[in-house]
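Hi,

Here's the structure I said I'd send over.

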Amino acid sequence: MKKLIFAVVFFASVAGAQDLKLWYEKPAAEWVEALPVGNGRLAAMVFGGTENERIQLNEGTLWAGGPYDPSSPEALEALPEARRLIFAGQYRDAHDLIGWKMMARPLEQMQYEPVGDLKLSFPGHAAMTGYRRELDLDTAVVKVSYTAGGARFVREIFSSPVDQVIVIHFTADTPGRINFTATMATPQQATVEAQPPATLLLRGVNGDSRGIKGALKFEARVRVLTQGGKTTAEKRSVAVSGADSATLLIAAATSYKNYKDVSGDPEALTQAYLAKAGRKTFETLLRDHVAEHQRLFRRVALDLGVTDAAKLPTDQRIARFASGDDPQLAALYFQFGRYLLISSSRPGGQPVTLQGLWNESMNPPWDSKYTININTEMNYWPAEPTNLGECVEPLIQMVRELVEPGSRTARVNWGASGWVCHHNTDLWRGTAPIDGPNWGFWPMGGAWLCDHLWEHYEFGRDKAYLANVYPVMKGAAQFFLDTLVEEPKHQWLVTCPSLSPENKHAGGASVCAGPTMDMEILRDLFNHCIAAAEILGIDNDFRARVAATRDRLAPLQIGTAGQLQEWLEDWDLQAPEIHHRHVSHLYAVFPSNQITPLTPDLFAAARESLRIRGDAGPGWSLAWKVNLWAHMYDAEHAYKVLTMLLCPEHTLPNLLDSAPPFQIDANFGGPSGITEMLLQSDMTEPSTINQQPTAIARLHLLPALPKAWPTGKVTGLRARGGFEVDMRWKDGKLEEATIRNINGAACKVRYAENVVDLEAKAGSAVVLDGALKTKRWY
Ligand code: FUC
């Protein structure tokens, strides 16, 4: 019997692991087909060529420029006039004045840049058969295999978070058949040299940008280790001939220490990484890498059912996903998002950029930086619910670092205390308004990021952590206590100037006073500050001031079309782009929870706004709408938008989002949408949206389960309040749910029409049946 159980478990786990592969029958012809690996700092796109392999390398701190101060002293002088023009309805004039006087210097921020390429040539491998290229999400290893000249070759590539090197291992089924030449190329100002006996060295400086001098040094070192054969290092290449196997260790580092200190030593760092990794065998490097990856990755398993479609190569599956018979592709896409987060956002590294860690260009779209009016936040939506709380750490650290430059921008540009960050930031933590008034004059980016500080507390309930980040949240709130102004009609307190992200209103510009999203973000920021101060037992006076200010914010309004108004005025149907890609005012539905069925009028109005906006948009916009329809409990609509996202128009063959050429946000927003279809949680009593969050967590099981996933199971999802949830369902109905209480908080659990209250000790778990009746505690 024991043997039988073992065999079943073994086969189940092997089958599970096999399901989690992206695979292809030919090498990547272009960058957007290559496969990403990363350890949160060091990343590569692997093309899998047979005669010529390209490994495109990135290091998370290699950006253009150096420490700089973008604040603009002229801005403050223009502020009263900009406000006057806006309240007088002279939006175009306000726009011109803001563009002329109030924007950052320089007007744009710094780019995320590539390190360069490792190029490998394999003579005689152009003619080959039996090719396969795969990325195994469960091990975080890319594998390329094929037969050439009568031998079977296998290449394995991974980026180890344990050893801080990228490892490439070459084997063949016949001894003495490993022959290749390695060299490096880069678009950076850099030199490449081969150092005997077997090292390639790329050494350079980062780019100047927009008048800011490149201040970083960087190095990439490749060490070639072989078994058998001969290795020669000459000029700019290392050649291996007749080896039985070979291992390449790639290290890279820059002189970046933090956003104001560039005095690091990339030479010492890369040498130390190589020395440490060089002492391990390939097998040990691989084992340690896989163990660390699986520590995070295996916390969540999702099974939505498997059909024969799962046997096809991944690119073919994307093309036919909308036909509806490949539920496993949705599970693969979900786990790919978790894989990308683990690979691009680990403690000590930088947060996920618009392209994660993966960028080949010196001038990538939107500089591959941090657009914080939706994109960066979306990157982190699935982190806590899919049990990757540690991966949020780089984002939290970035927000901490925004306080100092953001205080300067608050003081210089706005004459205010506290700190502010507008719609973008970069490695150097730029906080001033950039690009132009239509996009950049939005002082809410930092405030929105503060949601993630609070969320990390709600999921983890760690008071020491809360005490650490509370001053950051408080500083963000202080800026608004100083800068909110009374609008003349109702004397509501509003932001001004601001805008509803990137959307022009009927007044002919984007700039305006008190757009709905600002009021929603502020309600959250203020409520979270009040709740945090209460939990920490501090700041009574400040709490009272914040509450009084919150109560005077402009309310959510329903317009004549029955929609939730995007602006203070009922402009929605006259706006030039009623199908605009941003759905900013629906922030109150998701990621916030200010609008739910407990606020029925607003809930209906938000639904109407979502309907009017339509489904189309770039990948991230579709991804947001999957989450929104899930929160409208409209499973079929959420699923329909998911099929629009997971199709060749929006998803590249390598499953990355195709916002031309590539932007990573939908790869996180999409998996977040799948999660929100299966489990939603909040800590608020939304019937009193102006009140602070209560301590009761509400868990909603299978709130938007589509017909396409009738039978399935999920384990390890997290809920606010500190819970871990497993669920099993059949024929569209919940069969069993297990709720593990990590921190001992009470919760209400809802499934369909049933609601139960659970009171449990920390560390206990309850198993519920499909009617939410307790089956057992343990
Ligand atoms: C936002 C979007 C754009 C793009 C950019 C990076 O500003 O409106 O579509 O995704 O971010």
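Let's start with serine 368, which is buried, at a relative accessible area of 0%. One thing to keep in mind throughout is that this is a predicted model. Serine 368 sits in the loop that runs between α7 (327-344) and β18 (370-371). Its phi is positive, about 45°, although it is not a glycine.

Which other residue has a positive phi without being a glycine? Leucine 702, with phi near 45°. You'll find leucine 702 in the loop between β23 (697-701) and β24 (712-719). Leucine 702 counts as buried because its relative accessibility is 8%, and the cut-off for that label is under 20%.

While you're checking backbone angles, have a look at two cis peptide bonds. One joins phenylalanine 590 and proline 591, with omega at about 10°. Proline 591 belongs to the loop between α14 (540-550) and α15 (600-613). The other runs from proline 660 to proline 661, and here omega is near -15°. Proline 661 is in the loop between α17 (635-645) and α18 (665-678).

The residues around the ligand are Leu354, Trp366, Thr371, Asn375, Glu502, Arg581, His582, Trp620 and Gln663. Sorted by class, that shell comes to three nonpolar, four polar and two charged residues.

Which side chains have an N or O atom at a listed distance from a ligand oxygen?

- Glutamate 502: a side-chain N or O atom is 2.2 Å from an oxygen atom of the ligand.
- Arginine 581: the distance from a side-chain N or O atom to a ligand oxygen is 2.8 Å.
- Asparagine 375: a ligand oxygen is 3.1 Å from an N or O atom of the side chain.

How much of the ligand does the protein cover? On its own the ligand has 290 Å² of accessible area, and the protein covers 94% of that.

On to the packing. In soluble globular proteins, nonpolar side chains tend to be buried together. In this model, the largest nonpolar core has 242 residues, and the ones with the most contacts inside it are Leu118, Phe180, Trp624, Leu701 and Met727. Apart from that core lies another, of 10 residues, including Phe158, Val167, Leu249 and Leu274. If you want to look at phenylalanine 180 up close, its contacts beyond four places in sequence include Leu120, Phe122, Phe170, Val224, Val240 and Leu248.

Helix α3 (residues 91-102) is worth a look too. Its buried residues include Ala94, His95, Leu97, Ile98 and Met102. They pack against α2 (74-87), α9 (393-414) and α10 (437-440).

First up, aspartate 163, in the loop between β8 (151-159) and β9 (166-172). What does its side chain pair with? It makes a polar contact of 2.9 Å with the side chain of lysine 280. Leaving out residues up to four places away in sequence, aspartate 163 also touches Tyr273, Lys276, Ala277 and Leu285.

Next, threonine 247, in strand β16. Beyond its neighbours within four places in sequence, threonine 247 is in contact with residues including Val167, Ile168, Arg223, Val224, Leu225 and Phe282.

Last, serine 255, found in the loop between β16 (245-254) and α4 (266-278). How far from leucine 216 is it, in sequence and in space? Serine 255 and leucine 216 are 39 residues apart in sequence, with 5.6 Å between their C-alpha atoms. Setting aside residues up to four places away in sequence, serine 255 touches Ala215, Leu216 and Lys217, among others, along with Asp261, Val262 and Ser263.

Cheers

Key:
Residues are numbered from 1 along each chain as its sequence is written. This is a predicted model: local features need pLDDT of at least 70, side-chain atom pairs count only at pLDDT 80 or more; totals for chains, interfaces and linings use all residues. Side-chain values use heavy atoms; hydrogens and water are left out. A residue is near a molecule or strand if one of its heavy atoms lies within 4 Å of it. A polar contact is a pair of N or O atoms within 3.5 Å; within protein, one must be able to donate a hydrogen and the other to accept it, and residues adjacent in sequence count only if both atoms are side-chain atoms. Accessible areas come from the Shrake-Rupley method with a 1.4 Å probe; for residues, only the protein chains shown count as cover. Ala, Val, Leu, Ile, Met, Phe, Trp, Tyr, Cys and Pro count as nonpolar, Asp, Glu, Lys and Arg as charged, and the others, Gly among them, as polar. Helices (H or I, at least four residues) and strands (E, at least two) are DSSP runs, numbered from the N terminus. Buried means under 20% relative accessible area, exposed over 50%, partly exposed in between (1.4 Å probe, protein chains only). Contact means heavy atoms within 4.5 Å. A nonpolar core is a set of buried Ala, Val, Leu, Ile, Met, Phe, Trp, Tyr and Cys residues joined through side-chain atoms within 4.5 Å.
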